[in-house]
Amino acid sequence: MFHLLRKTKINPGTEKYDPNIQKPVLRCSICTGEQVAGFKDLHTGKFTDIMLIRNEKDLEAFKEQYGVTELTKEF
């Protein structure tokens with residue numbers, strides 16, 4: 001039953017990244033330390049989560065997949 005509550009990686013590459021209307025963001029939880037990489041719409045502020053970041057390797061994979069060099073952290 002608890003396996004249903006566990007977050008899994010979303011299939012990277014299914015979302016399209018448009019730097020004109022979105023910015024890459026790393027959302028971090030203050031309580032648990034969980035990190036989720038995704039994109040925030042510049043006009044609406046809506047966050048689209050793409051990938052759960054568990055270690056530096058996951059972060060590098062996200063950056064390489066979408067051609068991102070810099071991520072903004074949000075808490």
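Okay, so two strands pair here if DSSP finds at least two bridges between them, and strands are DSSP runs of E, at least two residues, while helices are H or I runs of at least four, both numbered from the N terminus. What you're looking at is a predicted model, where local features need pLDDT of at least 70, side-chain atom pairs count only at pLDDT 80 or more, and totals for chains, interfaces and linings use all residues. Residues are numbered from 1 along each chain as its sequence is written, and side-chain values use heavy atoms, with hydrogens and water left out.

Let's start with strand 1. In strand 4, Thr72 is the bridge partner of Val25, and these two strands run parallel over 3 bridges. With strand 2, residues 35–41, strand 1 goes antiparallel, joined by 7 bridges; Gln22 faces Asp41 there. The two make a hairpin with 6 residues between them, and Gly33 in that turn has a positive phi of about 80°.

Now the rings. They pair if the centres of Phe, Tyr or Trp rings (six-membered ring for Trp) lie within 6.5 Å; planes under 30 degrees apart are stacked, over 60 edge-to-face, the rest tilted. The whole structure has 4 such aromatic pairs. Tyr17 and Phe39 are stacked, 4.5 Å centre to centre with 15° between planes. That links the segment before strand 1 to strand 2, 22 residues apart.

Phe39 is buried at 1% relative accessible area (buried is under 20%, exposed over 50%, partly exposed in between, 1.4 Å probe, protein chains only), while Tyr17, at 25%, is partly exposed.
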